[in-house]
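Here is a short briefing to read alongside your model.

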Amino acid sequence: MTTTITPPETRGPTAAPVSNSLTAGKLPNGAPWMVLGASLLVSAGLFGVIALSGAEFNWVGTFVVAAIIYVATITLLSRIVEGARRSTDRFVTALVTGAFLLAMIPLISLSITVVTFGLNRFDVEFFTYSMRNVTGEGGGALHAIVGTVLMTGTAALISIPIGLMTSIYLVEYGRGRLARGITFLVDVMTGIPSIVAGLFAYALFAIFWGPGTRTGIAGAVALAVLMIPVVVRSSEEMLRLVPVELREASYALGVPKWLTIVKVVLPTSIAGITTGIMLSIARVIGETAPLLIAAGFTNSVNYDMTEGRMQSLPVFVYTQYANQGNPPEAYLDRAWAAALTLILIVMVLNLVARLVARFFAPKYGR
Amino acid sequence: MSKRIEVRDLNVYYSKFLAVEGVSLEIEPRSVTAFIGPSGCGKSTFLRTLNRMHEVIPGARVEGEVLIDGNNLYDPEVDPVLVRRQVGMVFQRPNPFPTMSIKENVLAGVKLNNKRISKSDADALVEQSLQGANLWNEVKDRLDRPGSGLSGGQQQRLCIARAIAVSPEVILMDEPCSALDPISTLAIEDLIEELKQDYTIVIVTHNMQQASRVSDKTAFFNIAGTGKPGKLIEYDETTTIFSNPSEKATEDYVSGRFG
Amino acid sequence: MTTAAAPIRAKQRPGDRVFSKSAVFAGSMILVTLAAVATFLIVQSIPAFVADSEDASILDSNFWAYVGPLVFGTIWAAALALLIALPISIGIALFISHYAPRRLASVLGYIVDLLAAVPSVVFGLWGIGVLAPAVQPIYTWLVDNLGWFPLFAGPVSGTGRTILTAALVLAVMIIPIITAISREVFLQTPVLHEEAALALGATRWEMIRTAVLPFGRPGIISAAVLGLGRALGETMAVAMVLSATGAITFQLLTSVNPSTIAANIALSFPEAYGINVNVLIATGLILFIVTFAVNAIARWIVARRAEFSGAN
């Protein structure tokens, strides 16, 4: 089998091509960037001409048109030089990158808007005053912040024990039909629309206090319904990550099962569980619809979970927008300031959650 | 400090599947007994029935008797948790608790059971157990560092120290050296030699040289084929098993003509 | 632990018993909660099913005529959102998993996840304040130049707050969900399949088409259905952005738009009284059933995929 080797024709010093034969028929490495630059220039020139006639220079339009020119040019160029297959590849690469950049547009636009509008009223008064007896300018979101903290805190108090114990049941004890049933129901619960959770809490408390009552505790129950499945899911995942060997090591030392769970399994997974709980809080703290339904809205600070309506930050954003008075700017500024506050809280929760996961996770040493 | 184990006609099932069939043997106190045999022959499964660790696996159950100094482990009134305090276990891969320091790992059996222990007693127990596991000199300056920072061999000796800290009568070892390098393996083998002064030791190993080096008696397990139950083929003095076995299968296996 | 004819049972210690009982109790609470949600919704809905315009002021004739346009609007808006979000999400997921430099991948994934952290009420505010004015000129252009196409028929909405804008906001909200799941699935593509394709001289796109996409298809489908479920139940963004009139129409750019169930509840509930409350709760029950069905389909697809994954 080794006798039929033909000597390579293009090898050898005499036949050496000027350039490497492997790079033949390929666009140079810098080509995409050059095409991109050219597309941007052309597009900017185009919109520059339009801008000369008096209109404002359209940045978004410039980039969109540049993107279209780029995709068309690189595909065409590649088709001529490199053939259909590589041309398709370059086309898809451009599309996929474009999809990512496209998704960045709302994110950037949203961040800029929230920060610029939000800072108008992001002042001391905003955090120290409620809306009681305020019409027009001034006032603040103290009552909404108090309500958000109380209701989210109560929801967490309800859902963390139930969620954590359920995940322990599913991982450590669950066998057979009950476990399968609970797993299924947790899935169903994950899919409950938030407004339906609000309706449920409203209907539940309408029985005890009569129709039309809206209280902080009803809002907390609505949030708990949304929070429990998230806590169960994330804790379950974390508990399953604890190696079986650690449980066995503990059993082999003559430690009963419940002490093994409390003292070995939970401490090993506590960082991940904490992260999951914080993310679930971050998720429900921005919920508007269920609180609008179950807790209502008010202009005054209310510390009593069982009596009277309770405002919350997201509902504050909504009501300030929906019930604009005079002057409307004052109401919109308060709405944006509350939106900024809310986003900051959610971001901080997310960030801290990820830091906890990174720094407190145990090292398994392998 | 050490006890005699007597197994009578033991069957082990995983749900409906019969994994080990009809094992009867006696293990003398203060001796090292090795279980050898091909993969999947049920030797690890059988080892786990000696302290009821098989119950951790869902669906696993046994028929028959295991007597430790005449007391049946499988008597309905027996608490498996108490059994495991008398019969300790060391696993295939070292598994120190990642959230605990070296010292806490040694004290794990005491602390995890919510027992109070004075600081001086605790320090004495830690030193004594780590001495017993030939680890004291290597870690005495860093007892508060995490156990996962040690090398694989040191981690395994830490696990042995953890097992002897609860003062068991018997120590079961499930391929304790299979994840270790040769030098660490030698350290563990030396340790086994010392531990047998005080404890009854049962060790599962894939390494026949190891079995011949450390054990007094050897049990050879085999299976007839996949899906068939594992059986005890021959159980005798280690020297007999390796030089003059009475069964053909044993001879084939120890001389490397297996399969 | 032991099954069937097990002669020996592990003796239960008091600590174990208390602990396992409370674990079972917590698990059962989920059962109870869900049963309670279903029961309360059904009980409160019954008066609505038989009500007419004399009992409830928001009804024109009967309940089903009231809920019909809402169901249409809910599904239409969610479907549009999915249509917009799905290709973009797959693109982003591919970009992160197979195109972006390895070191950047997790950071980029985190940036996309940030979108999911924004509360829906803030999306609503942004939709009215920024998106609607920005797309209105485009809508005008579409109606002027492509008005012959039924979906783009005029007259154009002057505010831009149409069903298409609401769908765009919904799309932005479900993109991170679909992206996150698709990305995970793409990353799980067996390296062997990818390398086999590359070794045959495939370009990156050909490798993705022959190895990554077929492997990820069930994952993409279930991600899409989960995103759809989220879009169906989304309330505030739609309630704020959409200027609804309650008509059944497919036109995207006019000021005549269907509302969605969730948005309608949020807008009408604060002022509702008497049987009107029951009517709104009944629409909530229908939303619950629709999302439940959608999620059940997603789970079924995921389960089927799990059965096949052993073969890979």
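Chain C has 10 helices and 0 strands, where helices (H or I, at least four residues) and strands (E, at least two) are DSSP runs numbered from the N terminus. This is a predicted model, in which local features need pLDDT of at least 70, side-chain atom pairs count only at pLDDT 80 or more, and totals for chains, interfaces and linings use all residues. Residues are numbered from 1 along each chain as its sequence is written, while chains are lettered from A and ligands numbered from 1 in the order in which they are written.

**Chain C overall**
- Along the sequence, chain C reads α-α-α-α-α-α-α-α-α-α.
- Its C-alpha atoms fill a box of roughly 70 × 60 × 30 Å along the principal axes.
- Of the 312 residues in chain C, 49% are buried (20 or more other C-beta atoms within 10 Å of the residue's own, with C-beta atoms placed from the backbone).

**The largest nonpolar core**
- This core, a set of buried Ala, Val, Leu, Ile, Met, Phe, Trp, Tyr and Cys residues joined through C-beta atoms within 7 Å, has 275 residues.
- The members touching the most others are A:Phe200, A:Val317, A:Ala339, C:Ala81, C:Leu125 and C:Leu170.
- Helix H2 of chain C (residues 63-99) gives the most to this core, with 19 residues.
- Domain 1 (30-120) and domain 2 (125-360) of chain A both give residues to this core, so it lies between them; the bounds come from an automatic or database domain assignment.

**A second core**
- A separate core of 6 residues includes A:Val35, A:Ala66, A:Ala67 and A:Tyr70.

Conventions:
A residue is buried if 20 or more other C-beta atoms lie within 10 Å of its own, exposed if 12 or fewer, and partly exposed in between; C-beta atoms are placed from the backbone.
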